[in-house]
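Biologist: I'm new to this one, could you walk me through it?
Modeller: Gladly, here it is.

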Amino acid sequence: MNILGIETSCDETSAAVLQEGRIRSNVISSQLVHARFGGVVPELASREHERLIVMIVEEALQEANIQKNDLDIIAATAGPGLIGAVMVGLSFAQGLAYALQKPLVPVNHIEAHIFSAFIEDPEGTPPPQGPFISLTVSGGHTLLCLVRQDLSYTVLGRTIDDAAGEAFDKTGKMLGLDYPAGPHIDRLAATGNPAFHDFPRALTSHSKTSRSFKGNLDFSFSGLKTSVRNYLSNHSEEFIQEHLHDIAASIQEAIISVLVEKAVYAALRNNVASISIAGGVSANRGLRERMEAACRHYGIELHVPRTIYSTDNAAMIATMAQLRISRGVTELNNYDVAPFAAFRTQGTSR
Ligand code: ATP
Ligand code: MG
Ligand code: FE
């Protein structure tokens, strides 16, 4: 079975071919036009997808060495994301599927992140066998889910304000770092002291306010943002530049310690053997190291996709379509699909 996956939910235009369960190509073009605006400009994102989509799909087919007539399934992100951006990839997929008279499988982008441990990867760890905890941390979402092999899942916690990726990007912007700031903070933090300053960790055992942990698996990062802003305005520019690595490491520490604490707590409380981390923030080296150490300590198996599969990519879209088909939870031959902007917690991908 040959599946073409298409992803255009935000600022990556991507197409991938999954052939007999093997990822044959995964072409990703990250839009650079947004950098000077300090964030993704929706209108520009749609235009860039429109400009690139044909080329990227052709490149993915070429790299996989197959013709479009050899495709059996066309899969595309139907949401959540920037609605105009989603529409470009989804409409393209609808047109292509209709022209080829092949089924179209709409994919929920966040579910594709949640199940990214299932992306075929000779260099990666095999997918979890039983139920697992998924921590999906991206630019727009922070979700902790209990996931089952039948593709159903229960949302255990989510952010009540900013997403983890947003916390990286917004605090990084205050430090004068380019968008997206997550990778820059990651790089600076590698040689900084994470204990340099104690930034707040809301809704955890470290929380100093009444909104403390008590088993609460929701996340909150807006207090961290305010705290970083105050900290920076209370220190001179020279001091900040001199301690840039330490400040970045301390901000990163505040974000990742919360993520690790809650994911591990969720695994222990639900008695599951594995944790899978996904989404752009799971590329963070500090998070990977800390999560690895915590999982080793508690005897939990950790699944981390390779960086290329952590951030937005079409291989995860094709994989999600294959999972849904193989587990019999998708309707085929349905071109009548509407794009959507927000994540709906239906609690199941069925
Ligand atoms: P969503 O999936 O919620 O729709 P998105 O698709 O924009 O949002 P991703 O592409 O999965 O999100 O992730 C992008 C986010 O990941 C950005 O916020 C970016 O700063 C963050 N990120 C990427 N690499 C790293 C890193 N090494 N350390 C920390 N954050 C990172
Ligand atoms: Mg992105
Ligand atoms: Fe994403």
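This is a predicted model: local features need pLDDT of at least 70, side-chain atom pairs count only at pLDDT 80 or more; totals for chains, interfaces and linings use all residues.

Biologist: How many residues surround ligand 1, and which are the closest?
Modeller: Counting residues whose C-beta atom, placed from the backbone, lies within 6 Å of the ligand, 24 surround ligand 1, and the closest are Gly-139, Gly-140, Gly-165, Gly-182 and Gly-280. Helix 3 (109-114), helix 4 and helix 5 are the elements that each give two or more residues to that shell, where helices are DSSP runs of H or I with at least four residues, strands are E runs of at least two, and both are numbered from the N terminus.

Biologist: Is helix 4 mostly covered or uncovered?
Modeller: Helix 4 (residues 164-174) is mostly covered, with 9 of its 11 residues buried, meaning that 20 or more other C-beta atoms, placed from the backbone, lie within 10 Å of a residue's own. Among those buried are Gly-165 and Phe-168.

Biologist: And what do they pack against?
Modeller: The buried residues of helix 4 pack against elements including strand 6 (132-137) and helix 8 (244-270), with contact taken as C-beta atoms, placed from the backbone, within 7 Å.

Biologist: New topic: which domains is the chain divided into?
Modeller: An automatic or database domain assignment gives domain 1 (2-115 + 310-326) and domain 2 (130-305), and 12 residues of domain 1 are in contact with 19 of domain 2.

Definitions and conventions:
Residues are numbered from 1 along each chain as its sequence is written. Chains are lettered from A and ligands numbered from 1 in the order in which they are written. A residue is buried if 20 or more other C-beta atoms lie within 10 Å of its own, exposed if 12 or fewer, and partly exposed in between; C-beta atoms are placed from the backbone. Two residues are in contact if their C-beta atoms, placed from the backbone, lie within 7 Å.
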